[in-house]
Amino acid sequence: MNDTIAAIATAHGIGSISIVRISGKQALELALKLTKRTQLKPRYAHLCQIYKNNEDFLDEALVIYFKAPYSFTGEDIVEFQLHGGFSLSEILLDELINSKLCRLAEPGEFSKRACLNGKMDLLKALSIQDIIMSKSSSAANIIAKNIKGDLGNFLNTIRIDLVKTLAFVETSIDYADDDLPPNLLKQIVLMCEKNSKLLHDIVDISLTKKGLIDGFKVAIVGKPNAGKSSLLNSLLAYERAIVSNVAGTTRDRIEENIKIGSHLIKIIDTAGIRNTDDEIEKIGVNLSYESIKEADIIIAVFDASKEFENEDEEILNILKQSKKKIIYTLNKVDLEIKFNHSIKNSCVLICAQKSVQAIKNALNDYLNTLDGDGMLITNTLILNACKNASEAILRAKDLLQEHSLELFAFELNLAIGEIAQFTKEFKRDEILDEMFGNFCLGK
């Protein structure tokens, strides 16, 4: 934490602007040396000439100085906004490192310093990382609410309930000969049930809508020659998969990313599902089964020009067991329609070699139903902590009803500890504050 650190803050590649950032005690000293200036006004954009080796001109850039503690990390920070491309920023970074006054920052070290210096909590830091990695505008909107503090306020409200209850129960432990009054016992049980459910529900809905953050997986399944690869190629607008009249041409699964509306999805083309003696094709069919398990959405493709067969029936049975969102699709509707199963009435009708707009519309309509203004947990660490806290609170409730106050307090401590990782640090002084908070003034 005493070192001054430096890093390139913009993505690697060619662009109009490239930013190099320094944080630490030597940040201002290094900036003055590189710009040959005697001072930099805090929070003011200076147009400066940048020099390397004290003499050689490097670039003309904007330089902004953020004086501690009014900066992202809480330390002195200087940002150099150079002309784009990676060459200039890398030359400047080398110059900073070679000065021996700073070192290359480790991954996430700027955010780590911001947390350690009290500029943000871990919840906000993780949310910033998530919004950087977000793959859709929906994801960015959800994560922005977490950065604003909606999730933090939600968790902190539960934390306050748990701390108050723990303080009261730990006081009661000293009077173990007396049972808790029935009305008070009921209130604590209701508190446990309410907060456990709140945590369970947000975990459940966050897992259901995880695709909004990571991108949805969409598997195209069907029997051989149903037109799955043609559908993939049309969705991608280029020939990604080999299309042939020979059944079993696709033997491996093919994955590609595309954008539907504001959503990023990963399309997975799979081998045709059928019974086969070909060992290589069997591997492909097994991968198709795995794709069904992994997918958030399944596009089930049937051949409109063929009568309903046993292989189609087998695929329907597999899909019924999957409990996934399924878009039933009837392909080759430009030919004579011989498909004679009642499911055709709920199918999206397409000719994959001509237009798949109807599939795009169906996907977009469904994905839009998953959007919303609700709060979601976007980080796995926070998700697991909330799950663990919910389970600990339920265990505590059961122990309380058995009048095991010490074990109840133990489980409640576990729950508070899980939540406190991402909100206010839990200290035992809080229990004392709650215990004595209702005493008379001056007592």
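Please keep in mind that the model is predicted. A search across the whole structure turns up 3 aromatic pairs.

Let's start with Phe 302 and Phe 339. Their rings make a tilted pair, with 5.6 Å from centre to centre and 45 degrees between the planes. This pair links distant parts of the chain: Phe 302 belongs to strand β10, residues 297-303, while Phe 339 is in the loop between β11 (325-331) and β12 (348-349), and the two are 37 residues apart.

Now, Phe 339 has another partner. With Phe 308 it forms an edge-to-face pair, at 5.7 Å centre to centre and 75 degrees between the planes. Phe 308 lies in the loop between β10 and α11 (310-322), and Phe 339 in the loop between β11 and β12, so this pair ties together parts that are 31 residues apart in sequence. Put together, ring pairs join Phe 302, Phe 308 and Phe 339 into a cluster.

Which residue does Lys 36 sit over? The charged end of Lys 36 is placed over the ring of Tyr 51, 4.3 Å from the ring's centre. Then there is Arg 21, which lies over the face of Phe 110, at 5.7 Å from the ring centre.

Notes: Residues numbered from 1 in each chain as written. Predicted model: local features only at pLDDT ≥ 70, side-chain atom pairs only at ≥ 80, totals over all residues. Heavy atoms only, no water. Phe/Tyr/Trp six-rings, centres within 6.5 Å; stacked < 30°, edge-to-face > 60°. Helix = DSSP H or I, 4+ residues; strand = E, 2+ residues; numbered from the N terminus. Lys NZ or Arg CZ within 6 Å of the ring centre and 35° of its normal.
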